[in-house]
Amino acid sequence: MLQELFTAQGEALAGTPWTIYPRPQMKRESYWNLNGEWDFSVGDTRKKILVPFCPESRLSGIHEHFAEGSILVYRREFTLPEDFNRGRVLLHIGAADQVADVYLNGMHVGHHEGGYEAFTLDITKELQKQNTIEIR
């Protein structure tokens with residue numbers, strides 16, 4: 001059963017949530033935040049989801065629970081600024097469900113197992129100016 005809890009901050013939420021660097025004292029010049037609207041699909045169902053919120057939350061825009069074993073697919077296109085890449089490029093995922101596979105521009109760049117844990121992938125080789133990321 002999904003709860004209908006909603007705070008004043010949730011009601012006031014507009015735009016992309018949490019755009020600031022998570023650890024300001026360690027901020028890099030080439031930081032890019034992927035929070036915001038993503039394409040979301042489960043089977044034949046296609047919707048938009050507001051990341052970083054989970055599909056069960058009201059703030060995500062989905063507010064649905066999916067059966068265990070369902071494959072949730074998050075997809076987003078993004079274009080990086082001309083001077084973004086200054087060496088190695090790391091993709092930080094703050095949390096994912098039990099199993100996550102990450103694809104960048106059609107290439108499998110990583111696999112992670114461990115419920116709701118953060119993980120990091122080096123995506124330097126697969127990165128292009130225009131990119132499509134998919135997380136399953």
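Student: What share of the contacts in the protein with a separation of 6 or more comes from residues 24 or more positions apart?
Tutor: The model is a predicted one, and the values discussed here are computed from it. The protein has one helix and eight strands, and along the sequence these follow the pattern α-β-β-β-β-β-β-β-β. Among the contacts with a separation of 6 or more, the share that comes from residues 24 or more positions apart is 56%.

Student: In what order do the strands of the open sheet lie?
Tutor: The open sheet has six strands with antiparallel pairing, and its neighbouring strands are turned by 25° against each other on average, with direction ignored. Strand 2 and strand 6 (107–113) are the edge strands, each pairing on one side only. Read across the sheet, the order is 2-1-3-8-5-6.

Student: How many bridges join strand 3 to strand 8?
Tutor: For strand 1 and strand 3, the antiparallel pairing extends over four bridges, and V42 stands opposite L72 in strand 3. Strand 3 also runs antiparallel to strand 8, where the bridge partner of R76 is I133. The number of bridges joining strand 3 to strand 8 is six.

Student: Which residue in strand 6 is the bridge partner of Y103?
Tutor: Strand 5 and strand 6 pair in the antiparallel sense, over six bridges. Within strand 6, the bridge partner of Y103 is H108.

Student: How many residues does the largest nonpolar core have?
Tutor: Buried residues make up 35% of the 136 residues in the protein. In the largest nonpolar core, the residues with the most contacts inside it are W38, F40, Y74, V102, I123, I133 and I135. Strand 1 (36–42), strand 2, strand 3, strand 4, strand 5 (99–104), strand 7 and strand 8 each supply at least two residues of this core. The size of this largest nonpolar core is 27 residues.

Student: Leaving aside its neighbours within four places in sequence, which residues is W38 in contact with?
Tutor: W38 is among the residues with the most contacts inside the largest nonpolar core. Once its neighbours within four places in sequence are left aside, the residues in contact with W38 are K47, K48, I49, V51, Y74, R75, R76, I133 and I135.

Student: Does N131 count as buried or exposed?
Tutor: N131 has its place in strand 8, and, with neighbours within four places in sequence left aside, N131 is in contact with R76, E77, F78, L80, L104, N105 and E126. Its relative accessibility is 2%, and the cut-off for being buried is under 20%. N131 therefore counts as buried.

Student: Which backbone oxygen does the side chain of N131 reach at 2.5 Å?
Tutor: A polar atom of the N131 side chain lies 3.4 Å from the backbone oxygen of K129. The backbone oxygen that the side chain of N131 reaches at 2.5 Å is that of Q128.

Student: With which residue does D39 form a salt bridge?
Tutor: Side chains of opposite charge can pair when their charged atoms come close. The closest N and O atoms of the pair are 2.3 Å apart, and the partner of D39 is K48.

Student: How many residues apart in sequence are the parts that E64 and K47 tie together?
Tutor: E64 forms a salt bridge with K47, in which the closest N and O atoms are 2.5 Å apart. E64 lies in the loop between strand 2 (45–51) and strand 3 (72–79), whereas K47 lies in strand 2, so the pair ties together parts with a sequence separation of 17 residues.

Student: Where in the chain does E82, the salt-bridge partner of K129, lie?
Tutor: The closest N and O atoms of K129 and E82 are 2.9 Å apart. K129 is in the loop between strand 7 (119–122) and strand 8 (130–135), and the pair links distant parts of the chain, 47 residues apart. K129 is partly exposed at 45%, while E82 counts as exposed at 69% relative accessibility. E82 lies in the loop between strand 3 and strand 4 (90–93).

Student: Which residues do salt bridges that share partners join into one network?
Tutor: The count of salt bridges comes to seven. Those that share partners form one network, and the residues joined in it are R75, E77, E134 and R136.

How values were computed. Residues are numbered from 1 along each chain as its sequence is written. This is a predicted model: local features need pLDDT of at least 70, side-chain atom pairs count only at pLDDT 80 or more; totals for chains, interfaces and linings use all residues. Side-chain values use heavy atoms; hydrogens and water are left out. A salt bridge is a side-chain nitrogen of Lys or Arg within 4 Å of a carboxyl oxygen of Asp or Glu. Buried means under 20% relative accessible area, exposed over 50%, partly exposed in between (1.4 Å probe, protein chains only). A nonpolar core is a set of buried Ala, Val, Leu, Ile, Met, Phe, Trp, Tyr and Cys residues joined through side-chain atoms within 4.5 Å. Contact means heavy atoms within 4.5 Å. Two strands pair if DSSP finds at least two bridges between them. Axes are lines fitted to C-alpha atoms, for helices over the stretch in contact, and angles run from 0 to 180 degrees between N-to-C directions. A polar contact is a pair of N or O atoms within 3.5 Å; within protein, one must be able to donate a hydrogen and the other to accept it, and residues adjacent in sequence count only if both atoms are side-chain atoms.
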